[in-house]
Amino acid sequence: MTLQDIHSPADIKGLDMAQLQMLATEIRKALLAKLSRHGGHIGPNLGMVEMSVAMHYVFDLPTDKIVYDVSHQSYVHKMLTGRMRAFVDQSHYDDVTGYTNPDESPTDIFKIGHTSTGVSLAGGLVKARELTGGHGNIIAVVGDGSLSGGEAFEGLDYAATLKSNFIIVVNDNDMSIAENHGGIYENLRLLRETDGASQCNLFRAMGLDYRYVAGGNDMVALVEAFRAVKDIDHPVVLHISTQKGKGYAPAEADKERFHFAGPFDLATGRPMSVSEAPDYGALTAEYLLRMMKEDRSIVAITAGTPGVIGFTPELRAQAGGQFVDVGIAEQEAVALASGIAKGGGKPFFGVVSSFLQRAYDQLSQDLSINGSPAVIGIFYGTVAGMTDVTHLGWFDIALISNIPGIVYLAPTCKEEYFAMLGWAMKQNRYPVALRVPGTSVVETGRMFPDDYSDIDSYAVARRGENVAVIAAGAFFGLGEKVADVLKDRGIDATLINPRFLSGLDRQLLLELATDHSVVVTLEDGVLDGGFGEKVARFYGAMPVKVQCYGIKKQFADGYDYKSMLEANRLTAPQIVEDVMRMLG
């Protein structure tokens, strides 16, 4: 049998153990061939090869259902469920997404890309099966790193109350994206060291049956373990110890770098391209480390993604106790930052835009209501960022700017970002969020003020008349282009950097109404509930035409950046065309 012969799990049911092991070897080779050319989640999938093959060999999909937590480790699952061509034919590499997707196959139950949700989602399937009289095994596959998220505990806690088949596979490779952090991992280590026999067992303590498999990359042991729990009549945790990056020496040696990577040289593991351009994450880490040396009260916080804020293993070591990784737990990070700030510390929590959504309640309750002067740096809050439907970075303006008390700043470039960050870390009056401006560093050489305590005061970059362009954050450059094109059309437009996404400069807006008939707002985010709507509402009763530009409310997936801008009329020629039409 060749890989191309596999169109469904039924095609591997007749293989013997030796053939299954050969299949795993061929799958790993195909994975490495694709990942080295295309990039993707490398370590998680290499470590899951044998487990994935064994699950599809033992269970009967789609009657049996597998829910992958995060689902970035589902590549082999896709290969075995009718999507092999996307992994063996380079011209079809982009036929599938990097996460489970029901649009691709009925064996993908959910669109998942965020962590710690799998047990809860699968628990819902179990309850639905009990209510409707359905049948089939329900399997949740959750990594040890995901157990640091609160929803994983909630899911496990509820799972113990269910009265029918539920198989919770804990894929324990002793790693999250980086190293694991949290007290739970001491118990996982103890269970590994005692071959699952320790009386101190967090899963049993939660009321769950428990079994341990030491050979997480041993096909024979895995098939036996899955056969033993298939059709079980109660919830059980199957704790399986695997090796992240299994079968590829560079990935085994450097698990953090190979969690996710772009194309690399298969022979050496070295990246195919190394950018020497500055990076906001690395620049942020350097800046914070300099501040830490001068002020012991400063602390950098991450929720399991230290690379986002540039803290490499070496820089984490330098920071020592002034760097905190709470695990994949954004709620904990925000509340912890609030507590640190209330206690006199100066916390900076750096987080990916789409991940901060998980901590909305903490932003409102723990941070803003209490007025804790913590600082949150929001990365990839841009349409130019990640394009997976689960990782869209354009909802944060609507999410954060409408919470009372938070000052949400939108720097336009590197120089303004660090001017704002310096002020935010020194002030002690407000919770402050900073929207890191896009994904590529823009350097202007301009000087910016170091005091932003005059809240909601906008900066006028060019003073004109008739047309005003209010361009926020990363879209300020687009605003400059629009103003330039309008200038060529004989219109001297006013160009404004609003700086604050969380409020309006009412005095300036009133002044504009005296000699401007058209106001244009540009924001690198969703229009509904966004910055522009605040401006439009302000001018609602006035004879001023307002046109808001941003991204329409949608869940896009795998989009092309340029096409997305054009579809939302976010190019300078399109905006100028609209302005000229409004002017008549």
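**Rings, helices and backbone**

In this predicted model, the structure holds 16 aromatic pairs. One of them joins Phe59 and Phe226, whose rings lie 5.8 Å apart from centre to centre with 65° between their planes, an arrangement that is edge-to-face. Since the cut-off for that label is an angle over 60 degrees, the pair falls on the edge-to-face side because its planes are 65° apart. Phe59 lies in the loop between helix H3 (49-58) and strand E2 (65-68), whereas Phe226 belongs to helix H10 (residues 219-229), so the pair ties together parts that are 167 residues apart in sequence. Phe59 counts as buried, at 0% relative accessibility, and Phe226 is buried with a relative accessible area of 0%.

Phe203 and Tyr210 provide another aromatic pair, this one stacked, with 5.8 Å from centre to centre and 10° between the planes. Here the angle between the planes is under 30 degrees, which means that the pair counts as stacked. Phe203 is buried, with a relative accessible area of 0%, and Tyr210, at 4% relative accessibility, counts as buried. Elsewhere among the aromatic residues, Tyr280, Tyr287, Tyr417 and Phe418 form one aromatic cluster. A ring also takes part in an arrangement with a charge: the charged end of Lys34 sits over the ring of Phe87, 4.2 Å from the centre of that ring.

The next topic is how helices pack. Two packed helices are described by the angle between their axes and by the distance between the axes. For helix H1 (residues 17-38) and H3, the axes come within 9 Å and cross at roughly 130°, which makes H1 oblique to H3. The crossing in which H1 passes H3 is right-handed. On the H1 side, the residues that meet H3 are Leu20, Leu23, Ala24, Ile27, Arg28 and Leu31, and their counterparts in H3 are Val49, Glu50, Val53 and Tyr57.

Helix H3 also holds Ser52, a residue that is buried, with a relative accessible area of 0%. When residues up to four places away in sequence are not counted, Ser52 touches Val76, His77 and Leu80.

Helix H6 (residues 118-132) and helix H7 (residues 150-159) form another packed pair, with axes that come within 8 Å and cross at roughly 25°. Because angles under 35 degrees count as roughly parallel, this crossing makes H6 roughly parallel to H7. The crossing of H6 and H7 is left-handed. Val119, Ser120 and Lys127 in H6 meet Glu151, Gly155, Leu156 and Tyr158 in H7.

What of the backbone itself? Most residues other than glycine have a negative phi, and most peptide bonds are trans. Against that background, a cis peptide bond joins Leu61 and Pro62, with omega at about 5°.

Asp174 is not a glycine, yet its phi is positive, at about 60°. The residue is placed in the loop between strand E4 (166-172) and helix H8 (184-193), and at 42% relative accessibility Asp174 counts as partly exposed. Arg499, although not a glycine, has a positive phi of about 65°, and is found in the loop between strand E16 (494-497) and helix H20 (506-515). Is Arg499 buried or exposed? With a relative accessible area of 10%, Arg499 is buried, because the cut-off for that label is under 20%.

The walk ends with Ile455, which lies in the loop between strand E13 (432-435) and strand E14 (459-462). At 25% relative accessibility, Ile455 counts as partly exposed. Leaving aside residues up to four places away in sequence, Ile455 touches Val407, Trp423, Tyr430 and Phe500. How many Å separate the C-alpha atoms of Ile455 and Gly196? Those atoms are separated by 56 Å, and the two residues stand 259 residues apart along the chain.

Terms used: Residues numbered from 1 in each chain as written. Predicted model: local features only at pLDDT ≥ 70, side-chain atom pairs only at ≥ 80, totals over all residues. Heavy atoms only, no water. Phe/Tyr/Trp six-rings, centres within 6.5 Å; stacked < 30°, edge-to-face > 60°. Helix = DSSP H or I, 4+ residues; strand = E, 2+ residues; numbered from the N terminus. Buried < 20%, exposed > 50% of the residue type's maximum accessible area, 1.4 Å probe, protein only. Lys NZ or Arg CZ within 6 Å of the ring centre and 35° of its normal. Axes fitted to C-alpha atoms, helices over the stretch in contact; angles between N-to-C directions. Parallel < 35°, antiparallel > 145°, perpendicular 65-115°, else oblique. Left-handed = near helix turned anticlockwise from the far one by under 90°. Contact = heavy atoms within 4.5 Å.
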